[in-house]
Number of protein chains: 2
Amino acid sequence: MQQQAFTGVMSPVLTPFDKDLRPDGRKLAQFCKSLLQEGCTALSPFGTNSEANSMSVEERIELLEQIVASGVDARKLMPGTGSCALTDAVRATKHAVEKGCGGVLLLPPFYYKNMSDEGFYRFFAEVIERVGDARLKVYLYHIPPQTIQGLSHDLIERLIKAYPKAVVGIKDSSGDWKNTEAMLKRFPGFGIFAGSEDFLLANMRSGGVGCITATGNVNARMIRRLFDGWQKPDADRLQAEISAIRKTIQRHPMIPSMKSLRAAWTGDAQWLNVRPPFLPLTMEQGKALAADVAKLGLKAPELVPAE
Amino acid sequence: MQQQAFTGVMSPVLTPFDKDLRPDGRKLAQFCKSLLQEGCTALSPFGTNSEANSMSVEERIELLEQIVASGVDARKLMPGTGSCALTDAVRATKHAVEKGCGGVLLLPPFYYKNMSDEGFYRFFAEVIERVGDARLKVYLYHIPPQTIQGLSHDLIERLIKAYPKAVVGIKDSSGDWKNTEAMLKRFPGFGIFAGSEDFLLANMRSGGVGCITATGNVNARMIRRLFDGWQKPDADRLQAEISAIRKTIQRHPMIPSMKSLRAAWTGDAQWLNVRPPFLPLTMEQGKALAADVAKLGLKAPELVPAE
């Protein structure tokens with residue numbers, strides 16, 4: 001199995017939209033730089049919490065162009081390139097590889113339910129074969145809360161065996177630690193990310209490589225402190241602290257909640273915008289949330305000045 | 001409420017793919033003509049059984065161009081134009097309206113779960129407003145087996161009230177007759193299609209307008225006979241007959257099963273091709289299925305000669 005490139009604390013990067021709900025590439029690129037400064041070791045633009053599936057492939061490709069053009073190191077990017085449409089998944093993945101991205105995060109074809117492992121295998125295999133590039137590093141995206149049908153361990157094993165250099169890791173967003181634990185045992189050396197910081201410490205203690213977590217958008221600093229110090233005596237306390245903050249943020253639906261927090265911290269109301277079916281929170285709600293998490297030790301990060 | 005234009009037996013048109021899994025527009029256009037001759041009153045290309053969500057928006061737009069250019073009356077077309085991505089749904093819907101399609105079939109943003117009615121409302125409203133064309137006729141697509149979250153009756157009512165000229169009907173693919181029945185009572189005059197011929201007779205007796213059914217791809221003639229004669233004494237017998245045929249076809253997964261039947265009937269193995277995660281059946285399986293449905297009275301239709 002190929003050594004995978006990513007470790008640490010990664011964030012599915014929130015996508016800023018303007019008042020007409022067009023993605024704001026300039027602001028997104030700036031935000032990527034902020035997150036890397038706040039503590040993220042790498043970034044996963046176009047994840048679930050990026051509202052990636054609310055955007056067309058063209059929009060995602062254009063945004064990735066802008067992020068890379070702004071000077072963000074493409075090797076630190078693992079963009080989500082999945083789509084139910086084979087051709088879209090291939091197109092986005094190929095583009096990410098050509099831009100030099102360190103990896104891609106690949107959803108199964110999520111419209112479909114009760115598919116066979118063989119069917120899912122052929123989907124992933126077809127994407128890998130069609131991209132046909134030795135630089136491709138795929139992170140499978142297991143997220144049954146959204147896709148309902150997840151990725152079985154037999155399927156994962158088969159993909160690793162068939163494409164040992166391309167299939168290098170997984171994001172486990174099942175919220176089920178037993179599933180992560182079973183994968184860690186069965187696939188040593190595979191790049192297994194917890195899908196939330198709630199399981200970061202457990203994942204590190206069992207051989208995982210980190211977490212890719214929504215709240216990296218607002219709490220990268222503290223989550224990173226736990227990642228860097230997971231073997232230190234205060235690790236369990238840090239874990240409890242960041243989990244408490246996550247719980248507070250989750251009082252509202254995750255995406256609008258995190259956006260409202262960034263809006264409150266920056267004073268920039270544009271951060272409140274979400275594409276439907278999500279509903280925006282208000283600046284007042286963001287401020288209230290900022291006050292609540294401040295009590296738990298999460299303060300506004302020092303912001304990277306806009307370029 | 002605006003009188004809606006479609007009634008009868010409609011089919012989500014199977015999409016033929018070539019050996020490289022590229023959609024074959026010439027063959028699709030030809031097939032649309034066959035289905036209209038076999039008994040379909042109108043067609044819904046790019047439905048679930050068309051593998052629409054396995055295709056990019058570009059592919060769907062190009063195929064619709066080819067269908068219309070081939071001479072199929074656009075007023076008889078209700079293409080599926082839904083997407084989780086707001087911009088894709090708008091683009092495909094606008095294109096369908098511009099091509100003169102009689103309506104569109106619109107999915108909710110299906111990646112997302114546990115969304116509010118308000119969020120779904122804003123999604124549909126945003127698509128309708130952005131298309132901004134008085135010719136737009138939307139058929140909502142309620143299909144919880146695929147989307148998990150369906151469309152509540154309160155949401156439907158709100159959309160009808162807000163856009164009485166645009167929101168004119170629904171396809172109910174819940175497989176739950178009680179849901180269809182409740183809508184028929186609550187929304188008189190709304191164009192309510194059963195999502196399967198199993199409920200065609202019940203739907204017609206309760207004020208519905210027909211069915212949009214996968215098996216229209218292979219059994220339009222008999223289903224149409226029931227639609228035309230639903231008030232005749234032999235209607236219950238016809239209903240039992242077509243339901244028995246459906247059950248036989250469903251012995252295999254629906255899409256490959258119907259494709260194998262068309263392959264067996266035409267001798268054209270290209271019909272077997274499916275995009276992953278679906279798995280193709282073999283010509284032999286198609287022939288066995290053809291023999292089984294023949295025993296139930298379903299013979300190969302007279303085929304429209306290729307142009």
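Helices here are DSSP runs of H or I with at least four residues, strands are E runs of at least two, and both are numbered from the N terminus.

Before moving on, some housekeeping. This is a predicted model, so local features need pLDDT of at least 70 and side-chain atom pairs count only at pLDDT 80 or more, while totals for chains, interfaces and linings use all residues. Residues are numbered from 1 along each chain as its sequence is written, with chains lettered from A and ligands numbered from 1 in the order in which they are written.

Stay on helix 4 of chain A and colour its buried residues, among them Phe120(A), Phe123(A), Phe124(A) and Ile128(A). Buried takes 20 or more other C-beta atoms within 10 Å of a residue's own, exposed 12 or fewer, and partly exposed lies in between, with C-beta atoms placed from the backbone. What covers them? Show helix 3 (86–98), strand 3 (104–106), strand 4 (138–142) and helix 6 (153–162) of chain A, which are included in the cover.

Now bring in chain B: 33 of its residues are in contact (backbone-placed C-beta atoms within 7 Å) with 33 residues of chain A. On the chain B side, helix 4 of chain B gives the largest share, six residues.

Next, select Leu106(B), one of the residues with the most contacts inside the largest nonpolar core, which has 196 residues. Such a core is a set of buried Ala, Val, Leu, Ile, Met, Phe, Trp, Tyr and Cys residues joined through C-beta atoms within 7 Å. Beyond four places in sequence, the contacts of Leu106(B) include Phe124(B), Val127(B) and Tyr139(B).

Back in chain A, pick helix 11 (254–266) and helix 12 (283–295): their axes come within 8 Å and cross at roughly 85 degrees. Helix 11 and helix 12 of chain A are therefore roughly perpendicular, a label for angles of 65 to 115 degrees. Residues that meet here include Leu261(A) and Trp265(A) from helix 11 and Leu289(A) from helix 12.

Last stop: Pro253(A), in the loop between helix 10 (235–249) and helix 11 of chain A. Buried, exposed or partly exposed? Pro253(A) has 16 C-beta neighbours inside 10 Å, so it counts as partly exposed.

Note on methods: Contact = placed C-beta atoms within 7 Å. Axes fitted to C-alpha atoms, helices over the stretch in contact; angles between N-to-C directions. Parallel < 35°, antiparallel > 145°, perpendicular 65-115°, else oblique.
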